[in-house]
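The following note sets out some points on the structure shown below. It may be read alongside the coordinates.

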Amino acid sequence: TLFLNEPNDPGVYGNNNYYINSQFFVGGDFLVAPILFQAETASPPISPTRDLYLPAGSNWYAFQNNEAPLLGAVQGGTVISYTAGLNLVPIYVRAGAILPFQNLEQWVGELPENPLTINCYPGPDRWTDALAYQLYQDDGITQNAEKNGEYRVSRIYQQTLTNGATTRQIRIARVTDNYTPPSPFNYIGILGSISSATQVTRDNTVLPNVGDSDSLQSSPTDAWYWNQTLNIVFVKIYDNRSDTLVSAS
């Protein structure tokens with residue numbers, strides 16, 4: 001999928017097609033470059049090293065899985081020499097990406113409620129239908145989506161406004177709305193570019209800052225907190241509006 005996502009970048013064919021043969025995309029913005037071979041026997045043991053190519057035309061962030069703050073963005077068209085053990089997969093995320101995650105389930109439906117965390121990365125605006133992330137949801141088990149049209153499609157947009165302070169805006173708008181997910185709420189993770197966040201609103205209503213993760217999880221209403229260590233604003237919003245706008249300043 002490297003050449004499908006980046007058809008106009010000759011760099012993806014570099015190193016005798018090594019990048020084409022050893023890297024792949026999940027979707028359009030999540031680039032995976034697995035460690036394929038053990039390092040040669042050495043004393044002391046060393047981790048294997050591989051080269052990976054970041055496609056031109058975008059900046060890229062090393063994927064931290066919301067466990068560490070974002071490192072500086074790397075310019076596209078760059079080759080990185082990456083050293084890692086076989087238990088670590090090099091992953092990079094395109095600047096401006098919108099990526100939904102859920103907690104791990106060993107089978108579909110293991111967790112009765114498994115809210116999404118919609119991670120929004122700093123970068124170019126995605127404020128048009130063509131650039132918005134399209135989220136598809138159904139029950140994951142039955143054929144009701146195909147037979148009865150029981151599914152939901154939402155578009156997720158983001159943009160950054162700068163007027164003395166930085167404001168990140170996230171809009172979620174349902175396009176097809178014939179399915180209600182079991183979780184009554186979702187989270188939005190606004191990564192990077194906002195330090196010392198002071199205010200979050202939803203549809204122009206100021207939300208309470210509950211101060212920490214446990215309080216956010218237990219909040220019965222829309223709320224937020226800024227994780228200073230990770231530099232991520234986490235917003236909890238209940239799934240009760242077909243079109244909603246969240247702003248963090």
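1. Among contacts in the protein chain between residues at least 6 apart in sequence, what percentage join residues at least 24 apart? In this predicted model, the share is 59%.

2. Four helices and 18 strands make up the secondary structure of the protein chain. Its radius of gyration is 20 Å, close to the 18 Å given by the globule rule for 249 residues, so the chain is as compact as a globular protein of that length. Along the principal axes, the C-alpha atoms fill a box of roughly 55 × 50 × 40 Å.

3. Of the 249 residues, 44% are buried. The accessible surface of the protein chain is about 13,300 Å², and carbon and sulfur atoms account for 49% of that area.

4. The largest nonpolar core has 21 residues, and the members touching the most others are Ile 188, Ile 190, Val 200, Trp 224, Val 233 and Val 235. Strands supplying at least two residues each include S9 (117-120), S12 (166-177) and S13 (185-191). Strand S17 provides the largest share, three residues. Apart from this core lies another, of 20 residues, including Phe 30, Phe 63, Tyr 187 and Tyr 225.

5. Beyond its neighbours within four places in sequence, Ile 190 is in contact with several residues, among them Cys 120, Ile 170, Val 233 and Ala 248.

6. Leu 131 lies in the loop between S9 and strand S10 (133-137). With a relative accessible area of 46%, Leu 131 is partly exposed. Neighbours within four places in sequence aside, Leu 131 is in contact with Asp 125 and Arg 126.

Notes. Residues numbered from 1 in each chain as written. Predicted model: local features only at pLDDT ≥ 70, side-chain atom pairs only at ≥ 80, totals over all residues. Heavy atoms only, no water. Core = buried A, V, L, I, M, F, W, Y, C linked by side-chain atoms within 4.5 Å. Buried < 20%, exposed > 50% of the residue type's maximum accessible area, 1.4 Å probe, protein only. Contact = heavy atoms within 4.5 Å. Rg over C-alpha atoms; globule rule 2.2 N^0.38 Å. Areas by Shrake-Rupley, 256 points an atom, 1.4 Å probe, with all protein chains shown as cover.
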